[in-house]
Amino acid sequence: MTRPVVLIAEELSPATVEVLGPDVEVRSVDGTDRPALLAAVAEADALLVRSATQVDAEVYAAAKQLKVVARAGVGLDNVDLPAATTAGVMVINAPTSNITSAAELAVALILASLRNLARADASVKAGKWERKQLTGVELLGKTVGVVGFGRIGQLVAERLAGFGVELLAYDPYVNHTRAAELGARVVELDELMRESDIVTVHMPKTPETTGLIGAEQFALAKPTLHVVNAARGGLIDEEALYTALTTGQIAAAALDVYTSEPPASSETASKLLELDNVTLTPHLGASTAEAQEKAGVAVAKSVRLALAGELVPDAVNVAGGAIDDLVRPGVALADRLGQLFTALASESPELLEIEVRGEIATRDVTALKLSALRGIFRSVVTEQVSYVNAPVLAEERGIRVQLLTDETSDRFRNVIAIRGTLRSGHVVSVEGTLSGVEQSHKLVQIGKHPLDVPLSDHLLLIRYADGPGLIGLYGARLGEAGVNIAGMQVSRAGSAPGSEALVVLNLDSSVDRELAVSIGERIDAHSIHTVDLVY
């Protein structure tokens, strides 16, 4: 029997190769040598890379028997995910391999900033002895604000507790019990910015969190504040940061990530290179021997599962493996419904019910529950969400998750529903179905509002008291902004004039938050949500 070929395009640890085992044929190629890569990948069943090898449509076209691409790391900047999906190639990464390394680097940057370590090192190497000029401050007794209290934020909090600090946490999805266990007090962002001596950021980068800390937040801060970002570039507004640092609004910053990398490639970020009160590192969050080893071993295990045709927990674009053919088309739908639920809920539920109705309920629909959870947490945590860690993320946040099935469905052949009870007692629910030969995604219910509208990539959802002329108002406002409405549906909660209406707009492009807020104010909306879905 011919063994599947696993092509390794960059240097990986011996442990990675050992995990692949004797049932595969391991070959090597220099992934940066394009002709050699294209020639070698033609016979490969699996391709393992780090960050230097570009895996794009040309590679997939040359690799007719390729089943899986594995990136031994967290990011996927060098792997063309849509092209892989089109080619039917599974993409795998190692979503939690670097969380300890990232947390440790954040702590290191805090200490380096407080004690002027980078400047001190450069000073001594330049033959100077500037002890007085480089006087720092102790961490003991300081208030540290952790912005984003997911797995990395919690690891940072655990490590900082030993320094005798007071911990504040901001995260709309934080588990208050877990925060209390770690000695952290949960507060709103403005309070955190006012009270903190150090702020360390550990949020995912989404449209809502981009520029999360900007001029308004720095205006609230103490002049002694040190701010650290070892999470994602762009979470801190770099222009506002530069202004705050140069005007004495805050004391110092330490950055490992930037809006453009390297920072010299961006006019805004490059200005930070000129400042003495900034400590900069070149995106070293995952750059430890241990993180690299964990990443290689993790993806090797996943490659073995993929080649054996089994469920692959860390698959990024497809669930892979042992999913019933009738259930498989619903995996992407469940993920997108999860993303929509999070956008509407804006906070973590206490109880989450994932219900599958119709003929697919006779099959094993566990993958739909996992996919829904994956979608729910996509924009909530910094790490990559997979089918394995999604239930863990729910458990960490104290969310009870139930999978419900019902073989009957009244309106549609099959329905996937997500219903969450928030801490306030408010219930948020969304339902979707697959339509037609192409199994396109449809949104069929939000709360008590029945719908029948495409679940497109870009949505704008508005709740308001129904009245004449309102559609024209927000339609004109979108038109002025150059945003095209591809389709829409209005669903009214009652028959009486003035009943609450829910409108779902399918748009050809994203709507920025500022525009959405202005539309909401213009028509006195009860709520307005911009939603950009991926899969």
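Trainee: Where is Asn116 found?

Mentor: Asn116 sits in the loop between helix H5 (99–114) and helix H6 (117–125); helices (H or I, at least four residues) and strands (E, at least two) are DSSP runs, numbered from the N terminus. This is a predicted model, where local features need pLDDT of at least 70, side-chain atom pairs count only at pLDDT 80 or more, and totals for chains, interfaces and linings use all residues. Residues are numbered from 1 along each chain as its sequence is written, and side-chain values use heavy atoms, leaving out hydrogens and water.

Trainee: What phi does Asn116 have?

Mentor: Most residues other than glycine have a negative phi, and most peptide bonds are trans. Asn116, not a glycine, has a positive phi of about 55 degrees.

Trainee: Which peptide bond is cis?

Mentor: Look at Glu261 to Pro262: that bond is cis, with omega near -5 degrees. Pro262 lies in the loop between strand E11 (252–255) and helix H12 (267–270).

Trainee: How do the axes of H14 and H15 cross?

Mentor: Two packed helices are described by the angle between their axes and the distance between the axes. Here the axes of H14 and H15 (residues 366–377) come within 6 Å and cross at roughly 35 degrees (lines fitted to C-alpha atoms over the stretch in contact, with angles from 0 to 180 degrees between N-to-C directions). H14 passes H15 in a right-handed crossing, the near helix being turned clockwise from the far one by less than a right angle.

Trainee: Which residues make the contact?

Mentor: Among them are Gly330, Ala334, Gly338 and Phe341 of H14, and Leu368, Ser371, Ala372 and Gly375 of H15; contact means heavy atoms within 4.5 Å. By class, the contact of H14 with H15 has 7 nonpolar, 6 polar and 2 charged residues (Gly counts as polar).

Trainee: Which domains does the assignment give?

Mentor: Domain 1 covers 5–95 + 290–308, domain 2 covers 98–280 and domain 3 covers 327–532; the bounds come from an automatic or database domain assignment. Over C-alpha atoms, the centres of domain 1 and domain 3 are 34 Å apart.
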